[in-house]
Amino acid sequence: MALTKTFLLIKYIAVLFLSNVILVNGNELDWWQKTIIYQVYPRSFKDSNGDGVGDLKGIEQKADYFAELGVGAVWLNPIFKSPMKDFGYDISNYTDIYEKFGTVDDLKSLKKKLNSLGIKLILDFVPNHTSDESEWFKKSVKREDPFTDFYVWRDPKGWDSEGNPIPPNNWISIFNINSAWTFNKERQQFYLHQFLDKQPDINYRCPQLRKSMEDVIKFWLDAGIDGFRIDAVPYLVEDENFLDEEYIDPEVPKNEYLNINHTYTMDQPLTFEIIRSWRKILDSYSKDKNVDTRVMLTEAYTTLSKTMEYYGTEQEPISEMPFNFQLISKISPQSNAKDVAKSIQDWFDNMPAGKWANWVIGNHDNFRVATRYGTEMVDALNMLVTLLPGTTITYNGEEIGMEDVFVRWDQTKDPQGTVLGKDKYLTMTRDACRSPFQWDDTYNAGFSSAYETWLPVNPNFWRINAKAQKEAEVSHYKIYRQLVEARKMRTIQYGDFHMHTPTNWTIIFTRSLQNETTFIVIINMGTEATEPDLTTLGINLPSQLYVYTASINCRYKLGDVLGSGARSFYLRPKAGLVLTTNDLSGNKTQPSSSSSKLASSITLSIISLIFFLINK
Ligand code: NOJ
């Protein structure tokens, strides 16, 4: 007993003495905590065969881009066999590849290439629904076992005066702005679809279905995949009583999805149980095969508290990264620095013990961040999401400030847009953020040799493209690269975090770690210049600070030396600045001090051993 106490005391003192490192569960960070996860939208990344649609070979051809960018993992939106009614989120075969994207061999080859560059591969897993062209669904319609109950089937509530079946309840589809139920004449029952009628919802109360889904997960794990982004998790399970959901405002039309409390169709207890069981599959896989953690990212547009539940607990973990959409859903161009700080703090305050944050500012479902906030804010927002504690998820193109493309009505593809019709589609279309990646200023921005690409290339590609930005002295790309380098440093990985909003429009945060360089990030969200006096923030800073990186619109450049006191510098509207307490401008990859950490832990072990022997 005395011995254990002595050991614990030494360990405690040593940890205090050695550093103020933030350790999650007392561990060094895992691979997915140290890197950036880069989201690739395969249809729009690179077309290798000139058919106007991106493909796996194209992604492989561009794999060096990921390495140059310095990201450690690539997440691909769904690449599986699909009639593409919802652009891959309607899967007809979970273990095969969509023909326009390539073959399973192409995927293996891509994986090999990525792994040779030290980059991991994460796939999208879409477990809430399949395509209605899936064999599972076709057999379920025919009541062929074991598929009979693979989907959520219900009898009509009754029949109207014209002999039409009445849906079982008032549940509304997210996309269709009408009933979430479609009647299948052959089976003479309604099936549920929380999204399109082409996307029938799966029934997780059916044990054979659950087993089939687990087999899909195992199939891709055996193929060497490093993790999954799990789609639409809140909708996995519905309440068994199939009761009507309550309208929030009875005056608002009944087909407004957001006017309904989705008490019976979202975040059900069984949903958590199921995802937890998948977590266990991933964990057993990495344990049994003695390989790196297989990660789980979960997509849930739900309340903050429910989102947090997808983390699970320390004892019963679920997702490493329930996507943090706060900076998309809670923040708008109307928000001030205090709103932004609040949404950041809310995440930390609500995150369960021992969990790790993540930051998302855009994806294939939302208008691009450069369009939402304006190009002037691109660098500052990249500074924010890459330097906060947590993992950053970058949607392809954010690193070069790609903007939404205008898609004419006759070019529109996204079902979420088309359903609203010509007058309203622009308010909801996701085509805008899915346009082809802008590689250079050549034909079709270097994306494809086709006459027509599946969505138009943004006409601004001649000035916004990766090649131009790589060549420019200062560019969004260069700034992003510099931020990626910062993420490799221990201060950004392990350092503590303090946030300040000295004015309504200025957000400042620091990252510091004992014996390491401190980072100070300053962002002006306003339309007036800001002149922060860093000495008033209660941060202990030297009088000289170095510019580590600065937004394009900032008047300072890498390596400039600024003072920390009043009137030492000012920030233009929408500008961002990263300062450090040491000059890192010449030495962009700060030497890691991991060797000294190792030395420290060896010393600790030796001291413990000596105590052990003395006590004996
Ligand atoms: C979320 C995906 O991100 C979105 O693109 C898709 O349409 C829905 N889930 C339905 O699968």
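How far is an oxygen atom of the ligand from an N or O atom in the side chain of Asp 231? The distance is 2.8 Å.

This is a predicted model, in which local features need pLDDT of at least 70 and side-chain atom pairs count only at pLDDT 80 or more, while totals for chains, interfaces and linings use all residues. Residues are numbered from 1 along each chain as its sequence is written, and side-chain values use heavy atoms, with hydrogens and water left out.

**Ligand contacts**

Polar contacts (pairs of N or O atoms within 3.5 Å) are listed below.

| Side chain (N or O atom) | Distance to a ligand oxygen atom |
|---|---|
| Asp 231 | 2.8 Å |
| His 129 | 2.9 Å |
| Glu 299 | 3.2 Å |

Taken alone, the ligand exposes 290 Å², and the protein buries 97% of that area (Shrake-Rupley method, 1.4 Å probe). The surrounding shell (a heavy atom within 4 Å) includes Asp 86, Tyr 89, Phe 175, Arg 229 and His 364. By class, this shell holds three nonpolar, two polar and seven charged residues; Ala, Val, Leu, Ile, Met, Phe, Trp, Tyr, Cys and Pro count as nonpolar, Asp, Glu, Lys and Arg as charged, and the others, Gly among them, as polar.

**The largest pocket**

The ligand sits in the largest pocket (more than half of its atoms lie within 2 Å of the grid points). On a 1 Å grid over the protein atoms alone, a pocket is an open set of points with protein on both sides within 12 Å along at least five of seven lines, a cavity is a set where a 1.4 Å probe fits but cannot get out, and lining residues have an atom within 4 Å of a point. The volume of the largest pocket is about 1500 Å³, a volume being the space filled by probe spheres set on the points. Its lining comprises 47 residues, of which Ile 174, Leu 258, Tyr 301, Gln 416 and Met 428 lie nearest the centre. The lining divides into 22 nonpolar, 14 polar and eleven charged residues. Helix H10 (326-329) gives the most to this lining, with three residues (helices are DSSP runs, H or I, of at least four residues).

**Cavities**

Two cavities of 30 Å³ or more are found in the whole structure. The largest has a volume of about 90 Å³, and its lining consists of eleven nonpolar residues, with no polar and no charged ones; Leu 327, Val 340 and Tyr 373 are among them. The second largest cavity has a volume of about 40 Å³ and is lined by six nonpolar, two polar and no charged residues.

Key:
A polar contact is a pair of N or O atoms within 3.5 Å; within protein, one must be able to donate a hydrogen and the other to accept it, and residues adjacent in sequence count only if both atoms are side-chain atoms. Helices (H or I, at least four residues) and strands (E, at least two) are DSSP runs, numbered from the N terminus.
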